[in-house]
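The structure comes first, and the description follows.

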Amino acid sequence: MIASVRGVVAGLSPDSAVIEVGGVGLAVQCAPGTLAGLRVGSPARLATSLVVREDSLTLYGFADDEEKQLFELLQTASGVGPRLAQAVLAVHTPDTVRRAIAGGDTATLTRVPGIGKKGAERLVLELRDRIGPVAVGPDGAAGVTAGAWTEQVRQALVGLGWTAAQADQAVAAVAETVDGEVPPVPVLLKQAIRLLGKTR
């Protein structure tokens, strides 16, 4: 089991990073929030979880051990694989997920693409007793706040090689399309990348 990797960031893409460890480049699947904190050429440490399948070995990376532990716990629920577990962490912070499961807040869980009402209810039923201590927020609110996603998307774009000015422009353009409930960060990031792709 590869529990963590430490090395220089050799490359970044919208859903993964290449970390060079001892002359070997390891491809690590990461959520946008984790990628936003990485810079090509800079050292980084990622907590990792190796998912072994008959035809593949996939390394998933996280900003800290708490995210990794929750990623692994989510997969113990029926019907939750690594991609869906990572999608949960791409949309919500670990604290938000723990609060939602502990409090039976299925509305928060269904904001994750791929989780419907029945799936959310199953997560609550199967994981409520194993979710661990829950940090109580001042408002108990969950989800992507209007201000939080803009900085996450902006940092991710800069990390992928665009200038701060280009990132600001793309974020502003995407913000104009957001009306009412804010979509998940990965959706917003893809939208921004599409816009920037046209201007390159």
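In this predicted model, R45 forms a salt bridge with D65, their closest N and O atoms being 3.7 Å apart. R45 belongs to strand β4 (residues 43–53) and D65 to helix α2, so the pair ties together parts that are 20 residues apart in sequence. R45 counts as partly exposed, with a relative accessibility of 33%, and D65 is likewise partly exposed, at 38%.

A search of the whole structure finds 4 salt bridges, among them the following.

| Pair | Closest N and O atoms |
|---|---|
| R45 and D65 | 3.7 Å |
| R98 and E66 | 3.8 Å |
| E121 and K117 | 2.7 Å |

The salt bridge between R98 and E66 joins helix α4 to helix α2, and so ties together parts that are 32 residues apart in sequence. R98 counts as buried, at 10% relative accessibility, whereas E66 counts as partly exposed, at 33%.

Helix α2 (residues 65–74) and helix α4 (residues 94–102) pack at an angle of about 40°, with their axes 10 Å apart, and the two helices are therefore oblique to each other. The contact is made by E66, E67, L70 and L74 of α2 together with P94, D95, V97, R98 and I101 of α4; by class, this contact has 5 nonpolar, no polar and 4 charged residues. The crossing of α2 past α4 is left-handed.

E121 and K117, by contrast, both lie within helix α6 (residues 117–127), 4 residues apart, which is about one turn of the helix. E121 is partly exposed, with a relative accessible area of 37%, while K117 counts as exposed, at 56% relative accessibility.

Methods. Residues numbered from 1 in each chain as written. Predicted model: local features only at pLDDT ≥ 70, side-chain atom pairs only at ≥ 80, totals over all residues. Heavy atoms only, no water. Axes fitted to C-alpha atoms, helices over the stretch in contact; angles between N-to-C directions. Parallel < 35°, antiparallel > 145°, perpendicular 65-115°, else oblique. Left-handed = near helix turned anticlockwise from the far one by under 90°. Contact = heavy atoms within 4.5 Å. Nonpolar A, V, L, I, M, F, W, Y, C, P; charged D, E, K, R; others polar. Salt bridge = Lys/Arg side-chain N within 4 Å of Asp/Glu carboxyl O. Buried < 20%, exposed > 50% of the residue type's maximum accessible area, 1.4 Å probe, protein only.
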